[in-house]
Amino acid sequence: VYPFGGDADRKAASMSLDRYSPAKVHRETMEPQSGSPAALLNGWLAKSDAEWLVVVRDDVVLTEGWLDRLMRHSEQDDAIATLVPRLPHGPQPQRAKARYRSLKKELARFASRMAQRETGVCQPVGTLSHACVALKVEAVRAVGGFDESFSTWAFLEDYVRRSRQLGLVAVCATDTFVHCEPDADVDGPPDGELQAAREMAAGDAHRTAGRAEEAMACY
């Protein structure tokens, strides 16, 4: 769990975390002031024996069964290394039009209907929101951890790119919905680090297709 500077209903977010977090989940709070997010998470990984790391921003209002549904997708394919839910804000295919007004009963009904309609469905993603992300620890270690040269959350897209080189994939579980507030880092123009991560990913795609000059231009 890590703090965010928006105006979300923190009480609803905190209550949902308490209510919908399984007992077997160990929770820690990450304070950005104490270092870059990549470095903080690498430090956590060095002392943890967990199978999955789930990062949740503190404005995220979770919904019933969100984590169970994410994990069920991971059980269907060993190549899945990163899982994200659907959100009211963020890149496609994560973004879903919010058809609710309250963060209690209306949100719960909306998420429940989506879960029934999209059961078991997931879509690959390259660009993702960092509001709520599940990461397979074994995969993170396989790529050598998160790149601490990134000072922002763009390191997650770089991680997705590097894990893809090992045949691993990132997917959006379209049957899982949680609420979050807009984030300028994701919903606005990309900053320098995010743009760099996306250019590297584009370079990888060109290289795989045999377009060496285009790849080098991106790199």
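Helices (H or I, at least four residues) and strands (E, at least two) are DSSP runs, numbered from the N terminus. Tyrosine 159 lies in helix 6. The model is predicted: local features need pLDDT of at least 70, side-chain atom pairs count only at pLDDT 80 or more, and totals for chains, interfaces and linings use all residues. Residues are numbered from 1 along each chain as its sequence is written, and side-chain values use heavy atoms, with hydrogens and water left out.

Leaving aside residues up to four places away in sequence, tyrosine 159 touches Ala81, Thr82, Leu135, Lys136, Ala139, Val140, Val143 and Phe146, where contact means heavy atoms within 4.5 Å. Between the C-alpha atoms of tyrosine 159 and alanine 139 the separation is 9.6 Å, and these residues are 20 apart along the chain.

Helix 6 (residues 155–164) also packs beside helix 8 (residues 192–208): their axes come within 8 Å and cross at roughly 15°. Helix 6 is thus roughly parallel to helix 8, a term for angles under 35 degrees. Such axes are lines fitted to C-alpha atoms, for helices over the stretch in contact, and angles run from 0 to 180 degrees between N-to-C directions. On the side of helix 6, Glu157, Asp158 and Arg161 take part; they meet residues of helix 8 including Leu194, Arg198 and Asp204. The residues of this contact comprise four nonpolar, no polar and five charged (Ala, Val, Leu, Ile, Met, Phe, Trp, Tyr, Cys and Pro count as nonpolar, Asp, Glu, Lys and Arg as charged, and the others, Gly among them, as polar).

An open sheet of mixed pairing is formed by five strands in the order 1-4-2-5-3. Strand 1 (52–56) and strand 3 (122–124) are at the edges with a single partner strand each, so one side of each has no neighbour in the sheet. On average, neighbouring strands of this sheet are turned by 25° against each other, direction ignored.

| Strands | Sense | Bridges |
|---|---|---|
| Strand 1 and strand 4 (residues 132–136) | antiparallel | five bridges |
| Strand 3 and strand 5 (residues 169–177) | antiparallel | three bridges |

Leucine 53 stands opposite leucine 135 in strand 4, and proline 124 opposite valine 171 in strand 5. Strand 1 is mostly covered, with four of its five residues buried.

Note on methods: Angles under 35 degrees count as roughly parallel, over 145 as roughly antiparallel, 65 to 115 as roughly perpendicular and the rest as oblique. Two strands pair if DSSP finds at least two bridges between them. Buried means under 20% relative accessible area, exposed over 50%, partly exposed in between (1.4 Å probe, protein chains only).
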